[in-house]
Amino acid sequence: MYRLYSFPPSGNCYKLRLLLTQLQIPFQLISVNLLNQETHLPEFLQKNPNGKVPVLEIEPDVFLTESNSILLHLSEETDFFPVDRLERNQVLKWLFFEQYSLGANLSRPRFWITVVKQSEHFASL
Ligand SMILES: N[C@@H](CCC(=O)N[C@@H](CS)C(=O)NCC(=O)O)C(=O)O
């Protein structure tokens, strides 16, 4: 069974829980608390040297990282990733937009304000 290493409030982790559920793929959820620096522990860095969730273990010791690359891996040959090149381009466009434009402007402020509850940290960046 797949194992998803996930921090529950993370939007990047939510995307994967959502798609796995939509595709009815069973998975074991393993919570990683990044507020306690658990993503920086040596055993976690063996899974993702970049020290970030989500990580999807698709077979023992085979780890996929980067949420949108995992979304694409899961959605191959499903209706979530069309065959038509122009339609695929639309999917890729939004995935790249989400990582580049939403991450800095929406996801990071949301994280500091609603999860860490230190809005002053974000204001000082
Ligand atoms: N581009 C990465 C971003 C992953 C990411 O930033 N994960 C955050 C939680 S949403 C994290 O694990 N942060 C821990 C840290 O930076 O120490 C992806 O889409 O998977």
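Two residues are taken to be in contact if their C-beta atoms, placed from the backbone, lie within 7 Å. In this predicted model, and leaving aside neighbours within four places in sequence, L56 is in contact with Y2, L4, L16, L64 and I70. Among contacts in the protein chain between residues at least 6 apart in sequence, 50% join residues at least 24 apart.

The secondary structure of the protein chain comprises 5 helices and 4 strands, which follow one another along the sequence in the pattern β-α-β-α-β-β-α-α-α. The C-alpha atoms fill a box of roughly 45 × 35 × 25 Å along the principal axes, and buried residues account for 16% of the 125 residues in the chain.

In soluble globular proteins, nonpolar side chains tend to be buried together. The largest nonpolar core of the model has 13 residues, of which Y5, L16, V53, L56 and I70 touch the most other members. At least two residues of this core are supplied by each of β1 (2-6), α1 (11-22), β3 (55-59) and α3 (67-75), with the largest share, 3 residues, coming from α3.

The helix α1 has 12 residues and reaches 16 Å from its first C-alpha to its last, close to the 16 Å expected at 1.5 Å a residue. Its buried residues are N12, C13 and L16; these lie on the same side of α1 because they cover an arc of only 100° around the axis. The cover over the buried residues of α1 includes β1, β3 and α3, whereas the face turned away from the buried side carries the exposed residues L18 and T21. Following α1 is Q24, whose phi is positive, near 55°.

Conventions: Residues numbered from 1 in each chain as written. Predicted model: local features only at pLDDT ≥ 70, side-chain atom pairs only at ≥ 80, totals over all residues. Core = buried A, V, L, I, M, F, W, Y, C linked by C-beta atoms within 7 Å. Buried ≥ 20, exposed ≤ 12 C-beta atoms within 10 Å, placed from the backbone. Expected span 1.5 Å × (residues − 1). Arc of directions from axis to C-beta.
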